[in-house]
Amino acid sequence: MTLLLPYPIGRLIQPGDKIFFGLQPDAWAGRQAEACADALQRQRGQPDHRMRRSCLHMTLAGVSRGSAATDELLARAAEAAGTVRCPPFLLELNRVESWRGDPRPLVLTGEEGVIGADGLHTALGPALAKAGLTAGWASNFRAHMTLLRDRLATPIQHVRPIRWWVREFVLIHSHVGQGRHTVLGRWPLIG
């Protein structure tokens with residue numbers, strides 16, 4: 001377990017910021033996802049919001065929003081993360097689809113290639129529940145990575161698979177409105 005808090009979290013968090021557990025693509029997969037977003041942007045025109053490569057991620061479970069994120073809450077989240085057991089897995093995202101919203105998220109999803117992410121999400125649930133952090137864990141989880149947001153609906157399109165070996169999960173601080181993420185902790189996947 002590695003928790004990387006540079007100073008008390010209260011100084012970091014702004015209203016609207018989010019803290020969550022997630023997966024980050026490796027450099028190769030990040031470039032592939034960015035190329036996929038480029039192609040979609042050429043097809044669709046200028047989106048309302050485009051994810052920066054440094055912010056590409058797959059959310060596993062929310063931990064806190066804004067001022068509710070305290071050092072004590074993050075310590076409980078870190079302790080819970082340290083109890084999760086899941087072997088490393090190959091993640092594969094092979095289609096793009098629009099989800100509901102305003103603006104609509106355009107997301108990368110997968111079929112059988114996301115089974116490992118589903119398993120990690122499921123393993124995280126009891127650990128978070130034991131720590132009293134169930135508010136951000138959803139039973140209707142659907143593995144996805146948001147590429148951009150705009151107002152156009154897009155039918156499901158298959159794309160060249162984007163894959164990477166997932167060997168860790170991370171605790172991320174999303175600085176909402178600033179287009180940047182700070183990794184607060186890393187935990188290796190152990191089977």
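In this predicted model, the largest pocket holds about 900 Å³ of space. Of the 37 residues that line this pocket, K18, F20, H57, T59 and R149 are the closest to its centre. Two or more lining residues come from each of strand 2 (18-23), strand 3 (49-50), strand 4 (58-65), strand 7 (145-150), strand 9 (168-175) and strand 10 (180-188), and strand 4 gives the most, with seven residues. Sorted by class, the lining of the largest pocket is made up of 16 polar, 13 nonpolar and eight charged residues.

The largest nonpolar core has 53 residues, of which F21, L23, L108 and F169 touch the most other members. Helix 2, which spans residues 71-81, gives the most to this core, with six residues.

The structure holds zero disulfides. C36 is in no disulfide, and the nearest cysteine sulfur, that of C55, lies 17 Å away, whereas a disulfide would need the two sulfur atoms to be within 2.5 Å. C55 is likewise in no disulfide, the nearest cysteine sulfur being that of C36, at 17 Å. C36 counts as buried because its relative accessibility is 11%, under the 20% cut-off, and C55 is also buried, with a relative accessible area of 4%.

Definitions and conventions:
Residues are numbered from 1 along each chain as its sequence is written. This is a predicted model: local features need pLDDT of at least 70, side-chain atom pairs count only at pLDDT 80 or more; totals for chains, interfaces and linings use all residues. Side-chain values use heavy atoms; hydrogens and water are left out. A nonpolar core is a set of buried Ala, Val, Leu, Ile, Met, Phe, Trp, Tyr and Cys residues joined through side-chain atoms within 4.5 Å. Buried means under 20% relative accessible area, exposed over 50%, partly exposed in between (1.4 Å probe, protein chains only). Helices (H or I, at least four residues) and strands (E, at least two) are DSSP runs, numbered from the N terminus. On a 1 Å grid over the protein atoms alone, a cavity is a set of points where a 1.4 Å probe fits but cannot get out, and a pocket is an open set with protein on both sides within 12 Å along at least five of seven lines; lining residues have an atom within 4 Å of a point. Grid points are joined across faces, edges and corners, and a volume is the space filled by probe spheres set on the points. Ala, Val, Leu, Ile, Met, Phe, Trp, Tyr, Cys and Pro count as nonpolar, Asp, Glu, Lys and Arg as charged, and the others, Gly among them, as polar.
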